[in-house]
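The following exercises concern a single protein chain. Please study the sequence and the structure shown here before turning to the worked solutions.

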Amino acid sequence: MAKLNITVCMGSSCFARGNQENLAFLEEYIKQNGIDANIELEGMRCENKCASGPNIYVNGIEYNNVDVEKLKSIINENI
Ligand code: FES
């Protein structure tokens with residue numbers, strides 16, 4: 001299984017507009033699937049790209065307007 005580094009923008013705009021749910025989903029998904037050794041989850045501060053948020057980086061690739069559905073397909077593509 002590939003190793004993923006997922007960085008979630010925790011700035012107030014991204015967080016309020018979906019990253020709170022995205023983060024909760026990720027934590028639950030990692031727990032349920034027992035893949036905490038494969039996914040490294042990090043938070044980051046606002047990068048002034050709020051207009052395209054919620055923003056999440058996966059292995060350095062930037063994803064915009066991320067919701068839980070999009071997150072699921074990003075994980076499935078990369079894992
Ligand atoms: S809050 Fe995420 S880029 Fe500003």
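**Exercise 1: Strand pairing**

Solution. The model under study is a predicted one.
Step 1. Strand S1 covers residues 4-9 and strand S2 covers residues 39-44; the two run parallel and are joined by 6 bridges.
Step 2. S1 also pairs with strand S3 (residues 56-58), here in an antiparallel direction and through 3 bridges. In this pairing, threonine 7 stands opposite tyrosine 57 of S3.

**Exercise 2: Order of the elements**

Solution. 
Step 1. The chain holds 2 helices and 4 strands.

**Exercise 3: Overall form**

Task: Explain why the radius of gyration of the protein chain agrees with that of a compact globule.

Solution. 
Step 1. For 79 residues, a compact globule would have a radius of gyration near 12 Å.
Step 2. The protein chain has 12 Å, and therefore the two agree.
Step 3. The C-alpha trace spans about 35 × 20 × 20 Å along its principal axes.
Step 4. Of the 79 residues, 20% count as buried.
Step 5. Among contacts between residues at least 6 apart in sequence, 70% join residues at least 24 apart.

Methods:
Residues numbered from 1 in each chain as written. Predicted model: local features only at pLDDT ≥ 70, side-chain atom pairs only at ≥ 80, totals over all residues. Rg over C-alpha atoms; globule rule 2.2 N^0.38 Å. Buried ≥ 20, exposed ≤ 12 C-beta atoms within 10 Å, placed from the backbone. Contact = placed C-beta atoms within 7 Å. Pairing = 2+ DSSP bridges.
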